[in-house]
Amino acid sequence: MPKQISVGLVGVGKIARDQHFPAIAGNDGFELVACASRNAQVDGVRNYKTIQEMLAAEPELQAISLCATPQVRFEQAKAALLAGKHVMLEKPPGASVVEVAILEELAREHGCTLFASWHSRYAPAVEPARAWLAARQIKAVTVLWKEDVRKWHPNQDWIWQPGGLGVFDPGINALSSMTRILPRAFFLKSAELWVPSNRQTPIAANLDFIDDRDTPIRAEFDWRHGPEELWQIEVTTTDGVLRLSQGGKVLHIDGASVDIGPEREYPGLYERFHELITSGQSDVDLRPLEHVADALLLGHRHAAEPFIE
Ligand code: NAP
């Protein structure tokens, strides 16, 4: 029986209900004891409006899972770390790159675990893809990450605000898998961004990366797609083509399906969080967020149609 760690969850929205609650309930190493959310109440736990109220009332709490929007992540994480709690950050880990580096330092100073989670890395195709690609020579990479924003992000106004990432909110999932499976580091050469004239963040983006061997790595993110989402990474190597599809649930090598086991992204995340806490470590990989920041630095902007919900 793993050591049981009490956890409080902050920001009860779609991802908390869809994934975090079932994953915590299915993990013997965690017990959900409290939630903090301005507008939601969760049955069976103690409820607070803010993380500050929760921390003041729950001194025994050991860990905090932050599931609110990225724009409020830093203040919530800082409050938790200053109170000596272990912290798991939903993706993206922050609204800027540097704020997360500061959190990592704070965690170190306070002897806490900081886990900047990337759920897509726990999709079942990711580790087999990484292993297969490790010793291979990559010729080209094409990433298509396309979905209907109205289906996946209804009424999420925060996503269109600065720090909300727009189409990079799902796109960063692709970047988190790419940075995990590709054997060599890559960087952005150029980008095109389409931003609705009434919004602050892109609805579509085309990104051209290369690595130190000039391997072309192309990613296309688009929210004007539908109704069937396309979440696919295709890697052409000198030994054949690897294709990860359905966001990492399916793997093909040269057209042949590879048996990779069931989907368990969020159970995998909580197992990792538990392992990090019990071994006294942190896990903060900022590369996916750095690539988004680079796209926003280098991107050539085009005005797109206004987006009306
Ligand atoms: P959501 O449904 O809009 O929920 C976010 C919650 O954050 C809200 O319910 C709200 O709860 C709280 N919140 C919003 N603004 C806040 C503020 N200014 N101050 C304090 N709390 C605030 O969004 P979501 O889809 O769950 O996404 C949350 C995070 O999870 C995002 O970073 C997203 O990228 C990530 N994520 C989402 C999905 C998905 O499929 N939706 C998948 C993976 C990861 P209260 O109003 O009750 O405080």
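Helices, of at least four residues, and strands, of at least two, are DSSP runs numbered from the N terminus.

**Entry 1. Overall fold**

I began with the chain as a whole, bearing in mind that this is a predicted model. By that definition I counted nine helices and 15 strands in the chain. I then looked up the radius of gyration, which is 19 Å. The globule rule gives 19 Å for 309 residues, so the chain is as compact as a globular protein of that length. I also noted the extent of the C-alpha trace, which spans about 55 × 45 × 35 Å along its principal axes. Of the 309 residues, 53% count as buried.

**Entry 2. Aromatic rings**

I next asked how many aromatic pairs a search of the whole structure finds. The search returned eight. I examined one of them, the pair of F186 and F209. The ring centres of F186 and F209 are 5.1 Å apart, and the angle between their planes is 80°. Because planes over 60 degrees apart count as edge-to-face, I recorded the F186 and F209 pair as edge-to-face.

Where do F186 and F209 lie in the chain? I found F186 in strand β8, which covers residues 186–196, and F209 in strand β9, which covers residues 204–211. The two residues are 23 apart, and their pair links distant parts of the chain.

**Entry 3. A charge over a ring**

I looked up W132 and found the charged end of R136 over its ring. The distance from that charged end to the ring centre of W132 is 4.0 Å.

**Entry 4. The ligand**

Which part of D169 comes within 2.6 Å of a ligand oxygen atom? I traced this distance to an N or O atom in the side chain of D169. For K91, a polar backbone atom is 2.9 Å from an oxygen atom of the ligand. For V12, I again found a polar backbone atom, here 3.2 Å from a ligand oxygen atom.

Finally, I checked how much of the ligand is covered. Taken alone, the ligand exposes 870 Å², and the protein buries 81% of that.

Terms used: Residues are numbered from 1 along each chain as its sequence is written. This is a predicted model: local features need pLDDT of at least 70, side-chain atom pairs count only at pLDDT 80 or more; totals for chains, interfaces and linings use all residues. Side-chain values use heavy atoms; hydrogens and water are left out. Rings of Phe, Tyr and Trp (its six-membered ring) pair if their centres lie within 6.5 Å; planes under 30 degrees apart count as stacked, over 60 as edge-to-face and the rest as tilted. A charge sits over a ring if NZ of Lys or CZ of Arg is within 6 Å of the ring centre and within 35 degrees of the ring normal. A polar contact is a pair of N or O atoms within 3.5 Å; within protein, one must be able to donate a hydrogen and the other to accept it, and residues adjacent in sequence count only if both atoms are side-chain atoms. Accessible areas come from the Shrake-Rupley method with a 1.4 Å probe; for residues, only the protein chains shown count as cover. The radius of gyration is taken over C-alpha atoms; the globule rule is 2.2 Å times the number of residues to the power 0.38. Buried means under 20% relative accessible area, exposed over 50%, partly exposed in between (1.4 Å probe, protein chains only).
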